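Here is a short report on one protein model.

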Amino acid sequence: MTVHAVQQKDLTPLILPAALLALALSALAVQLAPTLPDVSRSSDIMPPATVTLPPGHLTYRVEGHFLRDNVPMDAPIATVAFARPLEMMQYQVSVEDYARCVADKACAPPLNPGLDGTPVTGVSYQDAVDYATWMSRVTNDTWALPTDAEWAYAAAERFEDDALGLADNPANPALRWIADYRAEAARNRTAEPDPRPLGGFGANSNGIMDMSGNVWEWTDTCHRRVHVDAAGNLVSEQPACTIRVLEGKHRTAISFFIRDAKSGGCSVGIPPDNLGFRLVRRDLEPGGWLDWIGR
């Protein structure tokens, strides 16, 4: 018993410094360890770069399938007033940003995996709405898809007028069919299936990147069928909100659940190369974004 006590007393001076040394090394290792990004943490989300456009007016060809006496016609030109500034993402939503929403289990995975630094593609209208809902939650702002009119206002000179420019000729509807076929064939020749890196199509006059590139963008506007009389007065309007309008190299309308337009569901024109989106930030103060005219 006496020998055992002497051994314990002798080892104590050795054990205590060793324990302190191990503790100090552990603390140093924690301080020097690299901090790795965690895309699953919503708190890491930073608001995207945006461009704010001043109030103003837009004169453009409105969306919709217009008919006069049941004969297709070019949609009319209308003027839309924006009473408040319009704040829009400068770039399309990227692969990395969308991946954070997927990691947060708030978005479904895109159809196309994509490369970092490129726009997310292979997403439906519903996917875009889900992302806007998630983005609103993690940034404590209100984000939404733009309307067709808002997109056209932001696109400026890159907005494509889809009119065929033909005079109404109910006696010979083949003229419009031929003109439409030629326009679609020309669009098909310029198809570019692979998304370019963000910024690859440059900025428009508003400083917004990649408008009318090869990634079409979902809007919140419903497709519609509009009948007018001989004088151009509205007879009937039938919205179809299961079909949403997209903007890009040309305007088109696609079913809300479609992620790849080439697989079907494209209601108007040549299927887009890619389906993506960008968002606008809404001002919900009294008299805010509801002031604008022309949804």
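pLDDT stays under 50 over residues 23-41; pLDDT is the predictor's confidence in each residue, from 0 to 100. For residues 23-41 the model has five contacts beyond four places in sequence, a contact being heavy atoms within 4.5 Å. Residues 1-21 also stay under 50. That stretch has one contact beyond four places in sequence. Where pLDDT is low, the predicted coordinates should not be read in detail. Across the protein chain the average pLDDT is 80, and 69% of the residues score at least 70.

This is a predicted model, where local features need pLDDT of at least 70, side-chain atom pairs count only at pLDDT 80 or more, and totals for chains, interfaces and linings use all residues. Residues are numbered from 1 along each chain as its sequence is written, and side-chain values use heavy atoms, with hydrogens and water left out.

**Disulfides**

A disulfide is a covalent bond between the sulfur atoms of two cysteines. Here it is taken as a pair of cysteine sulfur atoms within 2.5 Å. By this rule the count is two.

| Pair | S to S | Angle about the S-S bond |
|---|---|---|
| C101 and C107 | 2.0 Å | 75 degrees, right-handed |
| C222 and C241 | 1.9 Å | 100 degrees, right-handed |

C222 lies in strand β8 (residues 216-228) and C241 in strand β9 (residues 234-247), so this pair ties together parts that are 19 residues apart in sequence. Strands (E, at least two residues) and helices (H or I, at least four) are DSSP runs, numbered from the N terminus.

Are C101 and C107 buried or exposed? Both are buried. Buried means under 20% relative accessible area, exposed over 50%, and partly exposed in between (1.4 Å probe, protein chains only). C222 counts as buried because its relative accessibility is 17%. C241, at 39%, counts as partly exposed. With the bonded cysteines numbered in sequence order, the pairing is 1-2, 3-4.

**A buried aspartate**

D210 sits in the loop between α5 (174-189) and β8. D210 is buried yet has no salt bridge. A salt bridge needs a side-chain nitrogen of Lys or Arg within 4 Å of a carboxyl oxygen of Asp or Glu. Which side chain of opposite charge is nearest to D210? It is R278, 5.7 Å away. Lys and Arg count as positive, Asp and Glu as negative; His and the chain ends are not counted. The D210 side chain does reach the backbone nitrogen of G200, at 3.3 Å. Beyond its neighbours within four places in sequence, D210 is in contact with residues including Y91, R158, G200, E217 and R278.

Conventions:
A polar contact is a pair of N or O atoms within 3.5 Å; within protein, one must be able to donate a hydrogen and the other to accept it, and residues adjacent in sequence count only if both atoms are side-chain atoms.
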